[in-house]
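Subject: Structure handover

Hello,

Here is the structure for you to work with. Please load it before you read on.

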Amino acid sequence: MLELQNIKKTFHKGRESVVAVDDVSFEIKSGEILGLVGESGCGKSTISRIIMQLLIPDSGSVTLGDVNLTALPRKEIRRHRLDFQMVFQDPYASLNPRQTIFSTIGEALQQRNPGLKGEVLRKRVGELLETVGLPANQMQRYPHEFSGGQRQRIAIARALAPEPRIIIADEPVSALDVSIQSQILNLLRKLQQELGLTMLFISHDLSVVHYLADRIAVMYGGKIIEHGKASQIFHEPKEDYTRKLLSSVPVLAKLAR
Amino acid sequence: MPLLDIQDLKVSFHSRNGEVRAVDGVNIQVEKGEVVGIVGESGSGKSVTAYSLLGLIPMPPGKIEGGKALFQGTDLLSLGKKELNSYRGAKISMIFQDPMTSLNPYLKVSTQMIEPLEIHENLSTKRALHRAIESLEQVGIPEAQKRIHSYPHEFSGGMRQRVMIAMALITKPDLLIADEPTTALDVTIQKQVLDVIRDLQKDTGTSVIFITHDLAVVHEMCDSVNVMYAGRVVESAPASELISNPLHAYTQGLYRSNPSNTAKGQDLHTIPGLPPDLAKLPPGCSFRPRNTLGDPSLCLTDRKPELVEYSESHFVQNCPGCLARPEPSEPTTHA
């Protein structure tokens, strides 16, 4: 579905240059969740920006379905951007505080279907809210009237609205309390099962990624150093760095009964 | 006598929706050299409890309505601003979640680290600088001698948090309050920072109050744990006891929400709903609407459940509904 081939990106600052992404290739199949794991500065977010076509790679290609996005002229890219939607870490920062939920999600719906109006639009917004587990009658409220977890649900509804082919979730649960985090993780899993959602799930927390992702790619210093089935990476890591990541996760002893 | 003895602390905030009781009768003891965890969700009152010790609650709208916080025998809550200043940064230090909000971006790290030594210990600048470099080395900052003359923005997130820890410990406080010190950090950096705090704690014998929402972090760091919900302590026990034998439905819920305890493909346990609105708390057990692991029909509705000693040094709120375990959700080996 989505394929990255030999992506390379170097940033220049004065005379120094930093290779942020170094020859990265991977693919995400339709209906699959790929977990991308790594520390700050490893190039995860650069990858997501390259997929979104917000950054142009120095070399390599991004292919969605059978369209090579990196070869498209800028005008065309705009049209394709709807196929990618993002969910960000901080649901307080990513929703416009002056727009009601109806207007935020309605706008996102109209991007794909500019003709949607009135009662039909209202109905679609309501349906989307219910999909993410929020009551439809709250669509006239503003973001500040919702809690962090609810806002993240709104952000997910907005991402679903233009019927994207892939969702890029960049640390979507890192800012949430554990009890709320589990609600959002369950929601994402439900959406994958019911809507056949394809997702790139970026996180530094291996236990969250292991729980949610079908496959995991571990990134370090701009390269993908290990790549495989989630359970395999989690239980039989090959690389030292992956082992180090795993041993850093604080663990709870099994509940004694 | 414990180093710190918080007795029946009550803090409220005046808000548009009425009086909000953020902390409602909290008792917490911290022994010398002990690491005490306070766990809870946002809004459970864990930070307010800690902030009120150092007079960091904005008043108004905040108000300390009652209780005592005896630190080495002195009630911190009764102290005036000046007297409190002789404790802050000297005997009690604090580190916060976001180091960038507590470091001054305009001042070099050296300037900021020397200040407390000059104020509290009357050291000369030269000797203070020497101590500051030493303490940066202690927390594992490479080339401390050179790095101390950098500005905060020149450090990475993890390094900045180390600078904070070094600053907090430079006056060798008796008590360190750490408020979610690793929540904003990557796991590998979190581990390094936790290791630094623990090593220094062992070396110096400083007592620590460790505030977090992550039970797993508590398990790795703390000697004893207080679980807070809606401004009250619902369960309190030695860390290993709390993890192996959580009694309260809320503690169990927190434990089971952790993805590392759930098999892939299984639904994660969730605590449904949201923490209650503290301005409109029901008279009885405040966890009742979210209690799915116990039996909500048995929850107290007429009065707040008291904290009682269930077994030796394991305290839990005596609410029959939250302590009930209607059916074991997994089959046990011995019937």
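Below are the conventions, then the findings.

This is a predicted model: local features need pLDDT of at least 70, side-chain atom pairs count only at pLDDT 80 or more, and totals for chains, interfaces and linings use all residues. Residues are numbered from 1 along each chain as its sequence is written, while chains are lettered from A and ligands numbered from 1 in the order in which they are written.

Cores

The largest nonpolar core holds 97 residues. A nonpolar core here is a set of buried Ala, Val, Leu, Ile, Met, Phe, Trp, Tyr and Cys residues joined through C-beta atoms within 7 Å. A residue is buried if 20 or more other C-beta atoms lie within 10 Å of its own, exposed if 12 or fewer, and partly exposed in between, with C-beta atoms placed from the backbone. B:I165, B:A178, B:I209 and B:F210 have the most contacts inside this core. Its largest share, eight residues, comes from helix α7 (residues 157-169) of chain B. Helices (H or I, at least four residues) and strands (E, at least two) are DSSP runs, numbered from the N terminus.

B:I209 touches B:V30, B:V36, B:I38, B:A50, B:L175, B:I177 and B:A178, not counting residues up to four places away in sequence. Contact means C-beta atoms, placed from the backbone, within 7 Å. Apart from this core lies another, of 70 residues, with A:A20, A:V125, A:L185 and A:A217 among them.

A helix pair in chain B

Helix α4 (residues 109-121) and helix α5 (residues 125-138) of chain B pack at about 115°, with axes 9 Å apart. Axes are lines fitted to C-alpha atoms, for helices over the stretch in contact, and angles run from 0 to 180 degrees between N-to-C directions. The two helices are therefore roughly perpendicular (65 to 115 degrees; under 35 is roughly parallel, over 145 roughly antiparallel, the rest oblique). On the α4(B) side, B:S110, B:M113, B:I114, B:L117 and B:E118 take part. They meet B:T125, B:A128, B:L129, B:R131 and B:A132 in α5(B). The contact residues divide into six nonpolar, two polar and two charged. Ala, Val, Leu, Ile, Met, Phe, Trp, Tyr, Cys and Pro count as nonpolar, Asp, Glu, Lys and Arg as charged, and the others, Gly among them, as polar.

Backbone points to check

Most residues other than glycine have a negative phi, and most peptide bonds are trans. The bond from B:M59 to B:P60 is cis, with omega near -20°. The bond from B:P60 to B:P61 is cis, with omega near 10°. B:P60 lies in the loop between α1 (46-53) and β4 (62-71) of chain B.

A:Q53 has a positive phi, near 65°. A:Q53 sits in the loop between α1 (44-51) and β4 (59-64) of chain A and is buried, with 20 C-beta neighbours inside 10 Å. B:D8 has a positive phi of about 50°. B:D8 is in strand β1 (residues 4-15) of chain B and is exposed, with 12 other C-beta atoms within 10 Å.

Interface

Contacts link 35 residues of chain B with 29 residues of chain A. On the chain B side, α9(B) gives the most, with five residues. That side divides into eleven nonpolar, 17 polar and seven charged residues.

Regards

Conventions: Contact = placed C-beta atoms within 7 Å.
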